[in-house]
Amino acid sequence: MLNVRVVKLGGNELDRPAWLAAGAAALKVVEPVVVVHGGGRAVSALSRRLGLRVEKREGRRVSPPEVAEVVEMVLAGPANRSVVAALRRAGIDAIGLAGVDGGLLSARPVGADGDGGLGHVGEIAAVRVPLILSLLAAGLTPVIAPMAPGPDGGLPYNVNADDAAAALAGALQAMEVLFICDVPGVCVDGVVRPSIAADEIETLVGSGVATEGMAAKLRAGARALEAGARAARIGDLQLLAHPAAGTAILAPAVQPA
């Protein structure tokens with residue numbers, strides 16, 4: 001495998017051109033990289049314009065089919081295009097993809113019925129790794145919108161972008177997965193923690209220290225490590241410039257037999 005990083009760009013920041021330009025410039029330094037993006041703020045805005053309810057549970061959007069259609073429209077359209085354009089302006093040869101393109105991602109539904117009412121929501125079941133590696137080998141930077149079709153096709157499932165980044169990082173055995181957002185890391189008692197052990201995460205979530213999107217990122221980071229990624233960090237754009245920035249998620253220590 002290449003020494004590739006998977007970088008997830010937070011959807012709430014994508015409508016800030018200056019932030020996106022700064023992120024694109026910083027990504028130029030860490031190539032080769034696979035970029036996964038969200039687009040939550042734009043999805044919520046369009047949903048409201050269409051008279052659709054906006055609801056989240058533990059950082060995940062409740063997505064009946066009509067909302068899943070909005071997610072596909074936004075993420076595979078303007079959200080993906082804006083990220084690709086920013087990267088190309090920064091000199092990165094970016095190519096925009098959605099999960100359905102080339103069979104890049106496939107998904108399965110979360111739970112028997114959308115996990116107690118989340119709706120048309122899925123989790124990544126498979127990643128077409130050779131396709132990603134061939135794009136990277138050709139000097140291209142994949143920019144991935146994380147909706148993914150099920151085994152029978154049809155409307156792609158809404159897949160949480162943090163979870164999609166974790167699945168990609170695991171499948172690629174990435175040297176690192178970076179969850180970039182608008183805070184410098186995970187704050188505990190007002191201080192950014194330099195590291196958090198994976199087995200601490202549910203305690204932090206249960207105590208209310210990590211909520212909503214941060215809880216989703218912590219859990220996704222732990223899953224990435226379990227699936228084969230070598231490192232995981234959460235923080236702001238400083239993650240791309242400084243190897244010690246943000247909060248590192250540490251895999252549980254291997255207990256001796």
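## After helix H5

Which residue just after H5 takes a positive phi? Gly139 does, at about 85 degrees.

The model is predicted, so local features need pLDDT of at least 70 and side-chain atom pairs count only at pLDDT 80 or more, while totals for chains, interfaces and linings use all residues. Residues are numbered from 1 along each chain as its sequence is written, and side-chain values use heavy atoms, with hydrogens and water left out.

## Overall fold

The protein has 8 helices and 16 strands (DSSP runs numbered from the N terminus: helices are H or I with at least four residues, strands are E with at least two). Its radius of gyration, taken over C-alpha atoms, is 17 Å, close to the 18 Å of the globule rule for 257 residues, so the protein is as compact as a globular protein of that length. The rule is 2.2 Å times the number of residues to the power 0.38.

Of the 257 residues, 52% count as buried (under 20% relative accessible area; exposed is over 50%, partly exposed in between; 1.4 Å probe, protein chains only).

## Helix H5 and the cores

On H5 (residues 129-137), the buried residues are Val129, Leu131, Ile132, Leu135 and Leu136. They lie on the same side of H5 because they cover an arc of only 165 degrees around the axis, taken from the directions from the helix axis to the C-beta atoms. Pro130 and Ala137, on the other side, are exposed. The cover over the buried residues includes strand E2 (33-37), strand E8 (141-145) and helix H6 (161-172).

Ile132 is also among the residues with the most contacts inside the largest nonpolar core, which has 49 residues (a core is a set of buried Ala, Val, Leu, Ile, Met, Phe, Trp, Tyr and Cys residues joined through side-chain atoms within 4.5 Å). Another core, of 24 residues, lies apart from it and includes Val33 and Leu237.

## Salt bridges

The whole structure holds 13 salt bridges (a side-chain nitrogen of Lys or Arg within 4 Å of a carboxyl oxygen of Asp or Glu). Arg5 pairs with Glu176, with the closest N and O atoms 3.1 Å apart. This pair links strand E1 to strand E11, 171 residues apart.

Glu202 and Arg219 meet at 2.8 Å, N to O, in another salt bridge. Glu202 counts as partly exposed at 47% relative accessibility, whereas Arg219 is buried at 17%.

Terms used:
Contact = heavy atoms within 4.5 Å.
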